Amino acid sequence: MMMLEAQAVHYQVGQAQILRGVDLAVRPGEILALAGPNGAGKSTLLALLAGDVRPTGGQVTLQGRPLDGIGLKALARKRAVMLQEAQVSFPFTVAEVVQMGRAPWQGEDEAADQVAVAEALAATGTDDLARRIFQTLSGGEKARVSFARALAQEAETLLLDEPTAALDIRHQELVMALVRRQAELGRAVLIVLHDLALAAAWADRLALIAEGQVVAVGPVAAVATAERLSEVYQHPITVMPAPATGFPLIVPRRGVPACV
Ligand code: ADP
Ligand code: MG
């Protein structure tokens with residue numbers, strides 16, 4: 001049984017074909033990493049899977065039901081979204097931002113709301129920031145608070161757009177460990193990652209997307225071959241096993257071209 005599935009999804013804006021026939025399914029209990037070059041269509045695909053944008057062709061289903069037929073409130077209880085850029089335009093405190101994750105559950109159980117918020121703040125190490133104004137935070141702090149908000153929502157599907165991009169190594173590992181815990185709870189996680197070593201270490205499967213199409217999807221080691229990555233990123237890339245962990249190391253060729 002698939003949790004969330006894009007079926008032959010197309011997305012066109014004017015003459016621009018942004019997604020071209022994308023089939024991709026996230027299963028309960030798995031971390032599916034989504035990677036690909038800048039502009040490949042990752043954030044657009046995430047918005048379509050979230051139901052924030054409607055496809056111009058094909059459809060998205062959640063537990064077998066077309067997203068079109070699911071009301072906004074029901075949808076908000078089923079999937080949490082962390083966007084690439086935090087969308088907070090008023091001077092809310094960190095605690096208020098994380099509480100927004102509970103909006104879909106408003107009026108159900110206030111004690112449960114408080115527990116979910118407190119747990120999300122504590123888990124992400126943002127409880128010390130609770131009274132700060134969100135806009136005054138550093139990029140990495142904002143990212144952890146936005147992630148905490150998604151966690152507090154307690155949805156069975158998580159859609160995370162580059163949650164680790166602004167984080168230092170310790171916080172990258174913290175966020176990925178928390179993502180793994182979500183998967184262990186049976187939740188389905190789709191996570192956009194640029195760091196393929198992070199994907200190799202933490203994701204169950206990797207989907208590579210380029211120019212609006214899924215190039216490959218499967219176990220990370222099978223998808224992230226040197227040949228395929230070099231082609232997709234249009235840069236020579238070497239893949240080698242790390243001695244200690246066995247997770248592949250993904251290394252771009254480095255050097256300043258002679259002509260510069
Ligand atoms: P990624 O997240 O993989 O970097 P995006 O999904 O954000 O890429 O964007 C994919 C491509 O579609 C980019 O070239 C972007 O400029 C373009 N694009 C996205 N939304 C629109 C839009 N509303 N109008 C025109 N082009 C768009
Ligand atoms: Mg993006």
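Start with the lining of the largest pocket in this predicted model: select helix 2 (72-78), strand 6, helix 3 and helix 5 (139-152), each of which supplies at least two residues of that lining. About 400 Å³ of space lies in this pocket.

Next, pick out Val-81, Met-82, Leu-83, Arg-149 and Gln-153, which lie nearest the centre of the largest pocket. They belong to a lining of 20 residues. Colour that lining by residue type and you will find 12 nonpolar, four polar and four charged residues.

Now move to ligand 1. Show the residues around it: Val-13, Ile-18, Pro-37, Asn-38, Gly-39, Ala-40, Gly-41, Lys-42, Ser-43 and Thr-44. Zoom in on Lys-42, where a backbone N or O atom lies 2.8 Å from an oxygen atom of ligand 1. Step along to Ser-43: one of its polar backbone atoms is 2.9 Å from an oxygen atom of the ligand. At Thr-44, look to the side chain instead, where a polar atom lies 2.6 Å from an oxygen atom of ligand 1.

Which protein atoms are its donors? They are OG of Ser-43 and OE1 of Gln-84, lying 2.1 to 2.4 Å from the ion. This pair links distant parts of the chain, 41 residues apart: Ser-43 sits in helix 1 (residues 42-50), while Gln-84 is in the loop between strand 6 (79-82) and helix 3 (94-100).

Ser-43 is partly exposed, with a relative accessible area of 29%. Gln-84 is also partly exposed, at 40%.

Definitions and conventions: Residues numbered from 1 in each chain as written. Chains lettered and ligands numbered in written order. Predicted model: local features only at pLDDT ≥ 70, side-chain atom pairs only at ≥ 80, totals over all residues. Heavy atoms only, no water. Donors = N, O, S within 2.8 Å, 3.2 Å for Na, K, Ca; no water. Helix = DSSP H or I, 4+ residues; strand = E, 2+ residues; numbered from the N terminus. Buried < 20%, exposed > 50% of the residue type's maximum accessible area, 1.4 Å probe, protein only. 1 Å grid on protein atoms, 1.4 Å probe; cavity = no way out; pocket = protein on both sides within 12 Å on 5 of 7 lines; lining within 4 Å. Points joined across faces, edges and corners; volume = space filled by probe spheres on them. Nonpolar A, V, L, I, M, F, W, Y, C, P; charged D, E, K, R; others polar. Near = heavy atom within 4 Å. Polar contact = N/O pair within 3.5 Å; in protein donor to acceptor, adjacent residues only side chain to side chain.
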